[in-house]
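User: I am new to reading protein structures. Please take me through a few features, step by step.

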Amino acid sequence: MHPVRILVGVAVTAMLAGAACAQSTTATGVSRASNPAISVNTLLLGRVADEATANEYNGIRIQEAEVQLTSIVDPYWKANLVFAVHPEHGHDHAEDGAEAEADGHDHGTRYVGDVEVAYVEGTALPYRLGLRVGKDYLPFGKHVPLHTHQFPFVDAPVAVKTFLGDHGLTEIGARLSRDLPLPWYSDLTAYAVDGKAEIFDAESRDLAFGARWTHLVDLGTESTLELGGSWLHGPQAHGYLAGEHAHEDHDDALYPDLDVLGADVTFKWVSASRSKGPALNVTGEVILPSSDTIEGDPFGWYAFAQYRFARSWWLGVGVGGLDLDREMHEDEHEHEEEEHAHEHAHLFAWDEVFESKVNLTWAPSEFSALRLEAAHYDDQQGDADDWLISLQANFTIGSHPAHSY
Amino acid sequence: MRRIIVIAGLVALLAGPAAADRLQVVCTLTDLGWLAERVGGPEVEVTVLCPGEYDPHFLPARPSLARKLGKADLLCYNGLELEVGWLPVLMDKARNSRIRPGQHGDLDCAQALETVLEVPEGEVSRAEGDVHPYGNPHYLLDPRNGLRVARLMADRMAQLRPGSADRFRARARELARELTPRIEAWRTSAAPVRERPLIRYTKQWEYLADWLGLELMGAIEHRPGIAPSPRHVDQVVRQARAAGVRELIAAPWNHLDAAAKAAERMDATLVVLPAAVGSVDGAEGYAAMFDVIIGRLVAGAHD
């Protein structure tokens, strides 16, 4: 979709909403009293890579613009809808013509719109059950459920992008949750979804399903420790973890089911001593995919810490790793050596990656933040590495719902 | 045998209503918790979500708090969007239909107010900071509002437990009889503080000033939620020196190092006041909180 068309659509929606607000409720019967809470979050991103040449890593762009509407529907349901505009997936990947293929550049960023989230949530279910029906991020681990503007770093960890999808793991389906009667907070969520995300075989009629179990213990009034386990099962996408240069002879084969396991731990501390005082968030997660066609034991992980050292300032430090643990075929090996030997277009397309990141964020209010980040990626073979420097502006207007803990 | 039964019966009577029969009341703030305990007596079990030492604007929404909300028959909250950063998140996690908006278990205590101060006129803009669009929410710093809230709580508890209605209302009246003379006495004691204007760190003392007749001259953090610029602090310091300000008042969770520097520059005393029950030592109850507030204000005026 053309960006102008998207912006016009958003503007018209806003104008209609404004017109509704301006009208007298008694004279027209158009009431604004029940309008949903509306917010728009925008991420502007400027970045430069040392080696990679693709536009994704160089230049200035809108990383994402997100319109969110939230409201109580009736005594039984609450609804949430997020419409997101972001650069077209894959457009940077030199797939759009001979010229782009030749130099690894695209010429102008194209944007697409997508209904990222659209669900209703039951508010009057018995036995304190939680039911969410519609499209949403899957509850897998700590990073997948985050919207882009909540990411602790500009990009998701390589392990998350590689094993759970580069473009966010959102699915249509239903999930049921229950706070289990244990002495500590313990929430079990199970779900069944359509199975059409990029890690799944979109042509398969099989559903995907999974579960997440979290345990959260208060360590006094200022700190918490959370342990979580996640499991995901669904029809595996063709080419999953096969790399860019995989053999084509698998294309017509029947792909098996994919299982992904994850475990995470999070420690949070917020000082009660003063408003927006010192705070620390430390999170670590491991991700393990498996199926009959996945060679070896691929393994991914990440860990990060965010520390608020002054009222408006955060420091973030993160590391992560990925090991596909697969044997490369001869021609792949040659191709990879060729890639490493020349200036390459893309990061992350390596079988082993170690990433390290540091960022500094200035957040003068709840509604804006500027972030400067340096990220280093290493292929662990001594053949390739790259630096990525990013400056991200994050701002929100309107009534944005508070984020969960 | 008969003696055992009689003794057991007496013990049961003395023990009061069994925990399972008691109305489960969850209050967002310690002030509300104190009022709910006074009004509810042994017929209620009160749980507070935000400890006194936390700024209630920024309480981390720990899921364990949602579990407490999940057991509530009645939720008493301050309202006017004071808890907007965390209560909706907890409500969603609590999955308790008894306390959803519109239910009898949902009590917005701001409904008790006769007057809400600082309701923005015209368009609300975040250029003015994180302004509360429905008005200043710190009304519990006027004890007269505390009594109004107590009456409202009594009525709602009576609705939920009709069998104890008379007792709830009687306790609210008893609290009014107890506090009314003290409210007058506190106001009289504050006379020396009325002689000079006050500077406050944040705009949360308006109800206190309205009740005591204090003049509030300016605020260091004039835009809620936004760190003040050095230029603005300079301006406030100049104004304070010109007006002979003696006291800069702040809440315990304000940035007291910055407040102390500003107070020093204006030759004033930094007076840290309890902005909630339990926020400082000695302010363990609602009435005790005002004892501390008046005591510290008067002491600061004499410095």
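User: Is His143(A) buried or exposed?

Analyst: First, keep in mind that this is a predicted model. To judge burial, look at relative accessibility; under 20% is buried. His143(A) has 3% relative accessibility, so His143(A) counts as buried.

User: Where is His143(A) in chain A?

Analyst: His143(A) sits in a loop of chain A, between β5 (129-137) and α4 (158-164).

User: Which residues is His143(A) in contact with, leaving aside neighbours within four places in sequence?

Analyst: Contacts include Phe151(A), Pro152(A), Ala156(A), Pro157(A) and Val160(A). Glu285(A) and Tyr302(A) are in contact with His143(A) too.

User: What kind of pair do Trp211(B) and Phe290(B) form?

Analyst: Trp211(B) and Phe290(B) form an edge-to-face pair, with 5.6 Å centre to centre and 85 degrees between the planes. Trp211(B) belongs to helix α7 (residues 206-212) of chain B and Phe290(B) to helix α10 of chain B, so the pair ties together parts 79 residues apart in sequence. Both Trp211(B) and Phe290(B) are buried. They are also part of one aromatic cluster with Trp34(B), Trp186(B) and Tyr286(B).

User: How do helix α6 and helix α10 of chain B pack?

Analyst: For two helices, read the angle and the distance of the axes. Helix α6 (residues 165-189) and helix α10 (residues 286-302) of chain B pack at about 10 degrees, with axes 10 Å apart. That angle makes α6(B) roughly parallel to α10(B).

User: Which residues make the contact?

Analyst: From α6(B) come Leu179(B), Arg182(B), Trp186(B) and Ser189(B). From α10(B) come Tyr286(B), Ala287(B), Phe290(B), Asp291(B), Ile294(B) and Val298(B). By class, the contact of α6(B) with α10(B) has 7 nonpolar, 1 polar and 2 charged residues.

User: How many helices and strands does chain B have?

Analyst: Chain B has 10 helices and 8 strands. Of its 303 residues, 55% are buried. Chain B exposes about 13200 Å², with 52% of that supplied by carbon and sulfur atoms. Now look at contacts in chain B between residues at least 6 apart in sequence: 65% join residues at least 24 apart.

Note on methods: Residues numbered from 1 in each chain as written. Chains lettered and ligands numbered in written order. Predicted model: local features only at pLDDT ≥ 70, side-chain atom pairs only at ≥ 80, totals over all residues. Heavy atoms only, no water. Helix = DSSP H or I, 4+ residues; strand = E, 2+ residues; numbered from the N terminus. Buried < 20%, exposed > 50% of the residue type's maximum accessible area, 1.4 Å probe, protein only. Contact = heavy atoms within 4.5 Å. Axes fitted to C-alpha atoms, helices over the stretch in contact; angles between N-to-C directions. Parallel < 35°, antiparallel > 145°, perpendicular 65-115°, else oblique. Nonpolar A, V, L, I, M, F, W, Y, C, P; charged D, E, K, R; others polar. Areas by Shrake-Rupley, 256 points an atom, 1.4 Å probe, with all protein chains shown as cover. Phe/Tyr/Trp six-rings, centres within 6.5 Å; stacked < 30°, edge-to-face > 60°.
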